[in-house]
Amino acid sequence: MRSLRALVIGALLLLAPASLFAEASPLPRVIEANGKHALLVDGQPFLMLGAQTNNSSNYPAMLPEVWPVIDELHANTVEIPVAWEQIEPIEGRFDFSWVDALIPQARQHNVSLVLLWFGAFKNTSPGYAPEWVKSDTKRFTRMMTKDSKTHYVLTPLASSTLQADSRAFAALMRHIRDIDPQHTVIMVQVENETGSYGSARDFSPEANRLFAQPIPAQLARKIHKSGTWAQVYGWKADQAFNAWVTARYVDQVAAAGQAELDLPIYVNAALSDPFKEEGAQYGASGGPNWNVIDIWKAAAPHVAVEAPDIYDRDYAKYAAWLGDYRRPDNALFVPETGNDVAYARFLWLALGNGAIGWSPFGMDATGYSNFPLGAKQLDHDTIEAFARNYRLLAPIDRDWARLAFEHPTIGFAKPKDGSDQSQVMGRWKISAMYGMWSFGERDWTWIDMPPNPNKELPVGGAAVVQLGPDEFLVAGADLRLKFAVDKPAGGDNVQFLDVEEGTFENGRWAMKRRWNGDQTDYGLNLTQPVLLKVRMGTYR
Ligand code: DGJ
């Protein structure tokens, strides 16, 4: 009897569509509370310690050159392309062998996946669209320049392109829904660095007609202004218009995919100088650049996150871009950053700004280097600059994400001139100092102090979570942190009450040892990546 029942249940299970079980584990999603964000994976906050592969690593034959780097890096999430040309080489005939190979291997390597949909726009161009799209410029119209020449970018105004792109993306999402009930795929990027170089927008007659009209009501409501594009946006009207039509296009592709599988979707931006708005229109005009995030937010409600691709080693710019994208209505996520040593310290800055994820680009051994953006060569020392931080954080990715979601955070990274930095958390002023030995003070003259080799290197950073008024979780490397009372009432002296080095195990703090003596006498010297729980006190 029992075996018959088991047989019947077994047969039913075999017959049931995989999507029946899709609800077994909750869908990943991005949530917000009090202006802070978390990415929920399996219903719990998760910090993406990402690694993005090179562009053309999206073939099963390349994976043996991907996994060793991912494993060495201790990344918990791999961002990797799925190209339109590879899933729909012939119109209407889909081939999902790439994701079928990728997803089980990702599970074997214990990583989540972020899929990058290289559809009609890849770094603005249709390079990854199938040949039947690229070669049919009648059906899949390109933008037109001001002097009526055909531009290389597909116009986001063409409904034929939108339909074909949406259909392919929806087919991909449907397939993932069927093969990935456990949600190894946690997020999807729709298109890649949209916008247009060399022409700020489409200047076709139809585009010009739309450009002369009032801005859409949805946008007018958001920015509390009305009028034509030129009236509302002045000199940056072309960029603003292109942002709107591009974001509307992307939103509809995203919606078509989400109707099949409702994963969080984000878009990535090619950035212009954060300190000079003039000129942004000549960059990837229309993409989700820092100066048009409001337009994207109004135009693309199916896109959860606008995200910056940061390829600049300059602290001031890096910090400015993080500030631009860290908004109550936008979770901070850095899906791409350079992969040489100088970028590794910015993980701490991103975490201190509440990032839900961060990812160096080009993390595989397929031999390509995007120097001068990233490393000349991805050798073991370069990988180690990132891996040492990921090794510390990977075991506590959920603890960090939860605590950073619930509590205030700040971040530090070494600036160009190596000068000290300080930030205030509650009644405490926390200072970061770079390029110092772990012993002694800078103004000591009684002993000869040769410069620390780190002084000249672009290394050092930390992220701090304020767990309570006087309690902090500190993670970082290659810097000294000092705590002082921000506005000392006369006679306040500061002391460490408790400094514990440790980690989290099963969601609870697990102390390895207490720091004292040399380890705290000159501040907290984080030489190698370390996690500390610090309780401060004052006395008179
Ligand atoms: C940013 C793009 O999003 C990436 O796909 C890649 O092309 C890099 N630029 C350059 O390596």
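Predicted model: local features only at pLDDT ≥ 70, side-chain atom pairs only at ≥ 80, totals over all residues.
Residues are numbered from 1 along each chain as its sequence is written, and side-chain values use heavy atoms, with hydrogens and water left out.

User: What is the volume of the largest pocket?
Analyst: On a 1 Å grid over the protein atoms alone, a pocket is an open set of points with protein on both sides within 12 Å along at least five of seven lines, and a cavity is a set of points where a 1.4 Å probe fits but cannot get out; lining residues have an atom within 4 Å of a point. Grid points are joined across faces, edges and corners, and a volume is the space filled by probe spheres set on the points. The largest pocket has a volume of about 400 Å³.

User: Which residues lie closest to the centre of the largest pocket?
Analyst: The lining divides into 11 nonpolar (Ala, Val, Leu, Ile, Met, Phe, Trp, Tyr, Cys and Pro), six polar (the others, Gly among them) and seven charged residues (Asp, Glu, Lys and Arg). Strand 11 (305-310) and helix 12 (315-325) each supply at least two of the lining residues; helices (H or I, at least four residues) and strands (E, at least two) are DSSP runs numbered from the N terminus. Of the 24 residues lining this pocket, the closest to its centre are Glu-193, Ala-270, Asp-309, Tyr-311 and Leu-373.

User: Which helices each supply at least two residues of the lining of the second largest pocket?
Analyst: The second largest pocket has a volume of about 350 Å³. Its lining comprises 16 residues, with Asn-76, His-109, Asn-110, Val-111 and Asp-397 nearest the centre. The helices in question are helix 2 (63-73), helix 4 (97-108) and helix 16 (397-406).

User: Where is Asn-110 found?
Analyst: Asn-110 has a positive phi of about 60° although it is not a glycine. Most residues other than glycine have a negative phi. Asn-110 is placed in the loop between helix 4 and strand 6 (112-122).

User: Which three residues supply 47% of the area that domain 1 buries against domain 2?
Analyst: An automatic or database domain assignment gives domain 1 (20-395) and domain 2 (413-539). The contact (heavy atoms within 4.5 Å) takes 13 residues from domain 1 and 20 residues from domain 2. About 1300 Å² is buried between the domains, this being the accessible area (1.4 Å probe) that two parts lose on being put together, summed over both. The three residues, which supply more than any other three, are Arg-345, Trp-348 and Arg-388.

User: How many residues apart in sequence are the parts tied together by Asp-420 and Arg-442?
Analyst: The side chains of Asp-420 and Arg-442 meet in a salt bridge (2.8 Å, N to O), defined as a side-chain nitrogen of Lys or Arg within 4 Å of a carboxyl oxygen of Asp or Glu. Asp-420 lies in the loop between strand 14 (409-413) and strand 15 (421-425), and Arg-442 in the loop between strand 16 (428-433) and strand 17 (461-468), so the pair ties together parts whose separation in sequence is 22 residues.

User: Which residues does a cis peptide bond join?
Analyst: Most peptide bonds are trans. Pro-372 is in the loop between strand 13 (357-360) and helix 15 (380-393). With omega at about 15°, the cis bond joins Phe-371 and Pro-372.
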